[in-house]
Amino acid sequence: MSSHVWCHGTKCHKSHTQDRVRGSKGSKVLRTRKVKQNEWNKNSFFKYFCSNSCYNDFANANIERIVALAPRTEPLETPIDDPKKVKHTSNYTYSDGSQHTWTTTEIKERGVDTQSE
Ligand SMILES: [Zn+2]
C-alpha cells in the first residue's frame with residue numbers, strides 16, 4: 001500500500017492555506033493535500049480526505065452515484081421490546097422540599113442485553 005493518497009476533495013486545491021502552496025517563485029500553485037495512510041485513518045473516510053469539508057464536497061458532488069451503490073427502497077427496522085416509561089427523581093431538593101422529576105422512554109433492542117454498567 002502506498003504511504004499516501006491525494007485528497008479526493010473536489011475543492012481541496014482551492015483552499016488558501018500555507019501548506020498547499022507549492023512550486024517555484026513566479027509559478028506557485030495551490031495543490032491538493034496528501035493524506036498519510038496510517039492506523040488512525042485506515043478504516044474511515046479520512047483515509048481519502050484531508051478534512052470533513054473535503055469529504056462533504058466529494059459526497060455532494062457524487063451523491064447520486066454514491067447512493068446508487070446501495071439504494072434504499074424500503075426502510076430498515078430494528079426489533080425492540082415494548083418501550084418503557086421510566087420516572088426519574090433528582091437528588092436535589094428545592095427549598096420548598098420538592099424534587100425535580102422527569103420521565104424518559106427506555107427503548108431496548110429485542111434480544112440484546114443492555115447491562116453494560
Ligand atoms: Zn482535502
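Biologist: Which residues form one aromatic cluster here?

Modeller: Trp 40, Phe 45, Phe 46, Phe 49, Tyr 55 and Phe 58 form it. Keep in mind that this is a predicted model.

Biologist: How many aromatic pairs are there?

Modeller: The count is 7. One of them joins Phe 45 and Phe 46.

Biologist: Why is the pair of Phe 45 and Phe 46 called tilted?

Modeller: Two values decide that. The ring centres are 4.3 Å apart, and rings pair if their centres lie within 6.5 Å. The planes of Phe 45 and Phe 46 make an angle of 35°; stacked needs under 30 degrees and edge-to-face over 60, so this pair counts as tilted.

Biologist: Are Phe 45 and Phe 46 buried, exposed or partly exposed, and how do you know that?

Modeller: Phe 45 has 26% relative accessibility and Phe 46 has 22%. Buried means under 20% and exposed over 50%, so both residues are partly exposed.

Biologist: Now the metal. What makes a residue a donor of the zinc ion, and which residues are the protein donors?

Modeller: A donor atom has to lie within 2.8 Å of this metal. The SG atoms of Cys 7, Cys 12, Cys 50 and Cys 54 are 2.3 to 2.4 Å from the zinc ion, so they qualify. Along the sequence, the spacing of these donor residues is C-x4-C-x37-C-x3-C.

Biologist: What do Cys 7 and Cys 54 tie together?

Modeller: Cys 7 sits in the loop between β1 (4–6) and β2 (21–22), while Cys 54 belongs to helix α1 (residues 52–69), so the pair links parts 47 residues apart in sequence. Cys 7 is buried at 6% relative accessible area, and Cys 54 is buried at 4%; both values fall under the 20% limit.

Biologist: Why is the zinc site called tetrahedral?

Modeller: For four donors, all angles must lie between 85 and 135 degrees. The 4 donor atoms of the zinc ion give angles of 105 to 116°, so the site is tetrahedral. The ideal angle for four tetrahedral donors is 109.5 degrees.

Biologist: How is the protein chain built along the sequence?

Modeller: The chain has 1 helix and 6 strands, in the order β-β-β-β-α-β-β.

Biologist: How does the radius of gyration of the protein chain sit against that of a compact globule?

Modeller: The chain has 25 Å, whereas a compact globule of 117 residues would have a value near 13 Å. Its C-alpha atoms fill a box of roughly 75 × 45 × 25 Å along the principal axes. Buried residues make up 13% of the 117 residues.

Definitions and conventions
Residues numbered from 1 in each chain as written. Predicted model: local features only at pLDDT ≥ 70, side-chain atom pairs only at ≥ 80, totals over all residues. Heavy atoms only, no water. Phe/Tyr/Trp six-rings, centres within 6.5 Å; stacked < 30°, edge-to-face > 60°. Buried < 20%, exposed > 50% of the residue type's maximum accessible area, 1.4 Å probe, protein only. Donors = N, O, S within 2.8 Å, 3.2 Å for Na, K, Ca; no water. Tetrahedral: all angles 85-135°; square planar, octahedral: opposite > 155°, others 65-115°. Helix = DSSP H or I, 4+ residues; strand = E, 2+ residues; numbered from the N terminus. Rg over C-alpha atoms; globule rule 2.2 N^0.38 Å.
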